[in-house]
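Please find below my notes on the model you sent. They are kept brief and follow the order in which I looked at it.

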Amino acid sequence: MVCLASRTGRDLQRYNTSGGRQVVGCIPYRYKEDTDGNVSNELEVLVVSSQKGQALMFPKGGWELDESVEEAACRESLEEAGVIGIIEHELGQWSFISKRHGTYYEGHMFPLLVKEQLDSWPEKDLRRRIWMNVAEAREVCQHWWMKEALDILVKRLSLQKNT
């Protein structure tokens with residue numbers, strides 16, 4: 001059973017030692033299938049629109065005190081993009097300035113190999129989700145640190161494919 005409500009509020013929000021909010025995100029990915037269901041080598045990633053506009057990015061949100069960083073990443077992907085999958089080894093950690101608050105945030109990014117895409121999810125009426133190739137996603141993603149995470153994911157997957 002999947003929870004169809006997003007967490008709200010900041011009561012359980014984690015902050016780093018300098019007072020910056022800690023956020024966690026995922027790069028949901030899959031390999032494209034043809035009309036016969038055959039899986040190709042073409043990587044697709046899922047971007048979502050921001051809640052308050054048309055900006056595109058990967059799902060991300062606050063890391064809360066009652067969950068592990070991996071649980072937070074999975075929850076954000078479910079809430080914002082309606083996808084469930086296998087969380088993989090962290091891509092990295094970035095420090096960036098929040099445009100809205102002007103303070104440094106700490107961002108953690110993970111790959112999520114998508115196993116299921118839901119028709120209904122908590123933020124379905126607030127966001128658009130779009131599958132696209134890596135070049136398209138890199139072009140439209142609004143956050144430099146998410147683009148860096150995408151580059152790391154692509155490099156990691158290409159190394160795995162060649163071993």
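Predicted model: local features only at pLDDT ≥ 70, side-chain atom pairs only at ≥ 80, totals over all residues.

1. The chain has three helices and eight strands, which follow one another along the sequence as β-β-β-β-α-β-β-β-β-α-α.

2. For 163 residues, a compact globule would have a radius of gyration near 15 Å, and the chain agrees, with 15 Å. The C-alpha trace spans about 50 × 35 × 30 Å along its principal axes. Of the 163 residues, 45% are buried.

3. Contacts between residues at least 6 apart in sequence join, in 67% of cases, residues at least 24 apart. The accessible surface is about 9,000 Å², and carbon and sulfur atoms account for 50% of that.

4. There are zero disulfides in the structure. Cys74 is in none; its nearest cysteine sulfur, that of Cys26, is 5.8 Å away, whereas a disulfide needs the two sulfur atoms within 2.5 Å. Cys74 is partly exposed, at 28% relative accessible area.

5. Cys141 is buried, with a relative accessible area of 4%.

6. Helix α3 covers residues 144-161, 18 residues in number, and reaches 26 Å from first to last C-alpha, close to the 26 Å expected. Its buried residues are Trp145, Met146, Ala149, Leu150, Leu153, Arg156 and Leu157. These lie on the same side of α3, because they cover an arc of only 145° around the axis. Lys155 and Leu159, on the other side of α3, are exposed.

Technical notes
Residues numbered from 1 in each chain as written. Heavy atoms only, no water. Buried < 20%, exposed > 50% of the residue type's maximum accessible area, 1.4 Å probe, protein only. Helix = DSSP H or I, 4+ residues; strand = E, 2+ residues; numbered from the N terminus. Expected span 1.5 Å × (residues − 1). Arc of directions from axis to C-beta. Rg over C-alpha atoms; globule rule 2.2 N^0.38 Å. Contact = heavy atoms within 4.5 Å. Areas by Shrake-Rupley, 256 points an atom, 1.4 Å probe, with all protein chains shown as cover.
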